[in-house]
Amino acid sequence: MTTTSPESTAAPETPEATIAGARERIDVLDDRIIGLIQERMAVSAVVQQTRIASGGRRVHLSREMEILGRYREALGKPGTPLAMTLLELCRGRI
């Protein structure tokens, strides 16, 4: 006599259920990404305020070029505009 495991008797997931589950996961990831961007904005503000207080400029262009390169290397050509948007968000208003 053979027995079947519960996994083998379960009905396969429908495409709709797969999509719904994936969208829920995307929403969770988006929430985390937004939180990380907000955290990055706060840290960037500290760097900018400290640089200005010590007589420097608010924006450090060579550092921004490093960031652009990192995103381009990791994500390909679309990484550049993503990094530009991130840098714009993080420059903020001081």
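## Pocket and helix packing

Helix 2 supplies the largest share of the lining of the largest pocket, namely six residues, where helices (H or I, at least four residues) are DSSP runs numbered from the N terminus. The model is predicted, so that local features need pLDDT of at least 70 and side-chain atom pairs count only at pLDDT 80 or more, while totals for chains, interfaces and linings use all residues. Residues are numbered from 1 along each chain as its sequence is written, and side-chain values use heavy atoms, with hydrogens and water left out.

The largest pocket holds about 330 Å³ of space and is lined by 17 residues, of which Arg-40, Ser-44, Arg-63, Ile-67 and Leu-87 lie nearest its centre. A pocket here is an open set of points on a 1 Å grid over the protein atoms alone, where a 1.4 Å probe fits, with protein on both sides within 12 Å along at least five of seven lines, and lining residues have an atom within 4 Å of a point. The volume is the space filled by probe spheres set on the points. Two or more lining residues come from each of helix 2 (15-53), helix 3 and helix 4.

| Pair | Axes come within | Crossing angle |
|---|---|---|
| Helix 3 (residues 61-75) and helix 4 (residues 79-91) | 8 Å | roughly 140° |
| Helix 2 and helix 4 | 8 Å | roughly 55° |

In the contact of helix 2 with helix 4 (heavy atoms within 4.5 Å), Ile-37, Arg-40, Met-41, Ser-44 and Gln-48 of helix 2 meet Leu-86, Leu-87, Leu-89, Cys-90 and Arg-91 of helix 4. Helix 3 contributes Glu-64, Ile-67, Leu-68, Tyr-71, Arg-72 and Leu-75 to its own contact with helix 4, where the partners include Gly-79, Leu-87 and Arg-91.

How values were computed: Axes are lines fitted to C-alpha atoms, for helices over the stretch in contact, and angles run from 0 to 180 degrees between N-to-C directions.
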